[in-house]
Amino acid sequence: MADSTPLLLSRPDPSNESKQPPSLDETIERCIGEFGLAQLLQAILVSFAWVFDAQQTFISVFTDAEPKWHCTSDSCTSVSDICHLPQNSWAWDSPKDTSIISEWGLECASSIIKGLPASSFFMGCLIGGLMLATLADSLLGRKNLLFLSCLMMSFSGLFTVFSNNIWIYSALKFVNGVGRATIGTCALVLSTELVGKRWRSQVGVIGFFCFTLGFLTLPAFAYMNRGSSWRTLYLWTSVPTIFYSILVHFLVRESPRWLFVRGRKEEAVTILKSIATAGSSGILMSFSNLEFGKESWNVDTYSAIKILLKKKWACRRLLTVMAVVFGIGMVYYGMPLGLGNLSFNLYLSVTFNALSELPASLVTFFLVDKLNRKDSLLVFTTLSGVCSILSVVMGETSANLQMGLELVSFFCACTAFNISLIHTLELFPTCVRNSAISMARQSLVFGGMFSPVLVAVGSKNRFLSYGIFGMVIGICGLFVIFLPETRGRTICDTMDEEEYNSTNNDLPVLG
């Protein structure tokens, strides 16, 4: 089974380096050739999953928002506490079914109850990541897990339409989070493993553009359906995901790297032939000349996590990455969820935040080959933290200034998140890469789990939301100094190969 998977011998004799066969990474790059149309189409199709990921992540900003209300009698004023007013003295500005708050009469419920659906979603993301992450590295592979995750997310979103109380709604949001948990990870890993080293960073950024597109379409859909039931928004975002899942099943190719690591060399060669550009020949000969040995690690279900924890250097890298990303998650999820507390129009606020992801993706796309990973993460996390705190300290004097500082903070968090994912891609070998990125994303979600509570508390004291967001991301960003720099490095396929290459390239292995 997995323990008999043939892999490239990963520890060549340094004294006889010139006689060693090419690595798997070098061989695959020769076989694939230059970046061609087939690889581009595969990368775009796989990365498009991020569109639906973004929509389900931030849909509660509109569906769970508390609508505006107005007075209908002289005993009511606009500054009155709605919970202390007679029911016939006020009314919602919009139809009751435009939000779960107004439809189910939750306007006077506790902050915990109001934030329960969002918290349930993030809890589902956390548990789903822990349950499903390693399946992409072991039994299912990247493609099959992407297909099943999209299917689960789409159908749970569709069933949400039939919710008739907040408890059923929250339960379905939890299932939705479980399905959504591994979509971004699978899409990122699969798209980058279908191309060679030269284009890997740029292809990885395609997913970030798609996430921005999904985020940006959400306020557009919400605005077009602003007088309709909140259920309509779930229909608009769930039904297309079902059709996308079908396209993934029939059109997307599995990662040849993962197939090779799992010992399915013939399937890997077939896929390489289908995506190789004209002029790249000798695929079978290239693989037949490789020397094989048995991988000492048994990559079975959930064993990828055990592998990461067993090696000290891998465990320390993973924990350090998770610490950095935890701080990013506070701002990344907290800022959009807190937009309802600002005096800006909700649709415009979400649109501005979505648009700020676009320059973040552009910065990553054009500068990813020029920026050191460590320095970039340190700069962007620090700047995000400073702007988040300043939005509380200086934002009280001007709503425009507050919105501007919030956008800068969110932009920096988005850029830091993009770079952190690429950095994590390069820090871990093929056999555990998907699991490592998934753990990093779960740390992002774990940071986001605290956001609904802080946003609710911050409605009266913004420092308890934006101030805490800024301090956490600033402190957590400092942990990046303990990670090795990976810009320009060749990615490895086995744990032994990564440890050997890190040592011989004078990169710290951290233990």
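This is a predicted model: local features need pLDDT of at least 70, side-chain atom pairs count only at pLDDT 80 or more; totals for chains, interfaces and linings use all residues.
**View 1. A salt bridge joins D53 and R180.** The structure holds eight salt bridges. In this one, the closest N and O atoms of D53 and R180 are 2.5 Å apart. The two residues come from distant parts of the chain, 127 residues apart. D53 sits in helix 3 (residues 49-58). R180 belongs to helix 9 (residues 166-180). Both D53 and R180 are buried.

**View 2. E103 pairs with R231.** Their closest N and O atoms lie 3.0 Å apart. R231 is buried, with a relative accessible area of 17%.

**View 3. R264 and E267 meet through their side chains.** The contact is a salt bridge, with an N to O distance of 2.8 Å. R264 counts as partly exposed, at 31% relative accessibility. E267 also counts as partly exposed, with a relative accessibility of 38%.

**View 4. D53, R180 and R441 form one network.** Salt bridges that share partners join these three residues. One of the links is the D53 to R180 pair, at 2.5 Å between the closest N and O atoms.

Terms used. Residues are numbered from 1 along each chain as its sequence is written. Side-chain values use heavy atoms; hydrogens and water are left out. A salt bridge is a side-chain nitrogen of Lys or Arg within 4 Å of a carboxyl oxygen of Asp or Glu. Helices (H or I, at least four residues) and strands (E, at least two) are DSSP runs, numbered from the N terminus. Buried means under 20% relative accessible area, exposed over 50%, partly exposed in between (1.4 Å probe, protein chains only).
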